[in-house]
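Student: Let us walk through this model term by term. I want each label set against its definition.

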Amino acid sequence: MANNGENQTTTKPPPLPSPLRFSKFFQSNMRILVTGGAGFIGSHLVDKLMENEKNEVIVADNYFTGSKDNLKKWIGHPRFELIRHDVTEPLLIEVDQIYHLACPASPIFYKYNPVKTIKTNVIGTLNMLGLAKRVGARILLTSTSEVYGDPLIHPQPETYWGNVNPIGVRSCYDEGKRVAETLMFDYHRQHGIQIRIARIFNTYGPRMNIDDGRVVSNFIAQALRGEPLTVQKPGTQTRSFCYVSDMVDGLIRLMEGENTGPVNIGNPGEFTMLELAETVKELINPEIEIKMVENTPDDPRQRKPDISKAKELLGWEPKVKLRDGLPLMEEDFRSRLGVPKRN
Ligand SMILES: NC(=O)c1ccc[n+]([C@@H]2O[C@H](COP(=O)([O-])OP(=O)(O)OC[C@H]3O[C@@H](n4cnc5c(N)ncnc54)[C@H](O)[C@@H]3O)[C@@H](O)[C@H]2O)c1
Ligand SMILES: O=c1ccn([C@@H]2O[C@H](COP(=O)(O)OP(=O)(O)O[C@H]3OC[C@@H](O)[C@H](O)[C@H]3O)[C@@H](O)[C@H]2O)c(=O)[nH]1
């Protein structure tokens, strides 16, 4: 453990935003780019940002794991724009804020093309930082609890440097995000860019891909299809699950606040995967079987955020308990899978 407070110092003033921002007669909207905005968290973030009539939202997404469907209510709206764009290529637009989410998040997708995952995290983040520098925008990176690897400290505070395998099958994502964080701080120190880093812990909610492969979506889809819940061994590994509306609230507070982060954003309620399976079974389908299956390499054994920093600096803490969030996700999965609720 080490204190990383000194990382926030910068020698440079931030780059100036467009002269229009200082123009007396031009009251433009806040132009906000959301990369990865067609994905699960991104599309909920877009919904929230669009509620503010002073925001213009631009989504850039390559649709690798996201979909236009998640944004269909905004397509054609005068304050909304959707661009098919891969962040590994430069993007030349004019914006005031950048929420940089673009990156596959489910292990089965980020491991599918690991070299592309690294490029997305490294070149993609470089490109977005380059954009932030040119236009004087503030940029927020959605980093991850995976930067702590298989943590040896529990719960994990932001000061913990982590325990990550640099050559494992998850490294493309874990190390990719760690480099992305490094780039953010180097651009901050070297060029004065205004940065924000959120370390997101496992998040769930409506609109997750049904075959996303992450545990909550797997269990809900399995329970609704009448298939056994596949608990990966040993089943005693833990995670802490945050409902998506709480996550979006935390991200916006971080962007709007004065602190660079990194800040953990997650729900500290901690569950073993067996407990999660039992809860899904009880709430959705008590007849379902729970089946133990093989795990994948380097699966972290425990994970729980220390959210003292988010509470103190952002006045944020999650509101939705797992037992209240799961039924909201169940409703969405039922309608997409065409499985009506039994009385
Ligand atoms: N959901 C979680 O539990 C969680 C936890 C920690 C961190 N995060 C981070 O939050 C962000 C969003 O995660 P999510 O759960 O919404 O995942 P998601 O897979 O639903 O969304 C990711 C989006 O990024 C897009 N994308 C991927 N590669 C791209 C590229 N090269 N160029 C442009 N777009 C690209 C995808 O098409 C998708 O729309 C990711 O950065 C992820 O690492 C998520
Ligand atoms: O069907 C399943 C799927 C997963 N699991 C277990 O559930 C736990 C959580 O696995 P997930 O695939 O949902 O997600 P992980 O916690 O491993 O990684 C996630 O962490 C944070 C984010 O950055 C990413 O969204 C993702 O990498 C693991 O221990 C896994 O072994 C099951 O028991 N059964």
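Student: In which loop is Pro234 found?
Tutor: Pro234 sits in the loop between strand 8 and strand 9 (238–240). Strands are DSSP runs of E, at least two residues, and helices are runs of H or I, at least four, numbered from the N terminus. This is a predicted model: local features need pLDDT of at least 70, side-chain atom pairs count only at pLDDT 80 or more, and totals for chains, interfaces and linings use all residues. Residues are numbered from 1 along each chain as its sequence is written, while chains are lettered from A and ligands numbered from 1 in the order in which they are written.

Student: What is the omega of the peptide bond from Lys233 to Pro234?
Tutor: Omega is near 5 degrees, and the bond from Lys233 to Pro234 is cis. Another cis bond joins Gly261 and Pro262, with omega about 5 degrees. Pro262 lies in the loop between helix 6 and strand 11 (263–265).

Student: What is the phi of Tyr63?
Tutor: Phi of Tyr63 is near 60 degrees, a positive value in a residue other than glycine. Tyr63 belongs to the loop between strand 2 (55–61) and strand 3 (80–84).

Student: How do you know that the span of helix 4 agrees with its number of residues?
Tutor: The expected span is 1.5 Å times one less than the number of residues. Helix 4 (residues 171–191) has 21 residues, so it should span 30 Å. Its end C-alpha atoms are 28 Å apart, which agrees.

Student: Why are helix 1 and helix 6 called roughly perpendicular?
Tutor: They pack at an angle of about 65 degrees, with axes 9 Å apart. Axes are lines fitted to C-alpha atoms over the stretch in contact, and angles run from 0 to 180 degrees between N-to-C directions. Under 35 degrees counts as roughly parallel, over 145 as roughly antiparallel, 65 to 115 as roughly perpendicular and the rest as oblique. Helix 1 and helix 6 are therefore roughly perpendicular. Among the residues making the contact are Ile41 and Leu45 of helix 1 and Val248 and Leu251 of helix 6.

Student: What makes helix 3 roughly parallel to helix 4?
Tutor: Their axes come within 9 Å and cross at roughly 15 degrees. That makes helix 3 roughly parallel to helix 4. The contact includes Ile118 and Leu129 of helix 3 and Val179 and Leu183 of helix 4. Two residues are in contact if their C-beta atoms, placed from the backbone, lie within 7 Å.

Student: Which residues come nearest to ligand 1?
Tutor: Of the 28 around ligand 1, the nearest are Gly36, Gly39, Thr65, Gly66 and Ala105. A residue counts as near if its C-beta atom, placed from the backbone, lies within 6 Å. Helix 1 gives the largest share of the shell, three residues.

Student: And which come nearest to ligand 2?
Tutor: Of the 18 residues there, Thr144, Arg214, Val215, Asn218 and Gln232 come nearest. Helix 5 (215–225) and strand 8 (229–232) each give two or more residues to that shell. The largest share, three residues, comes from strand 8.
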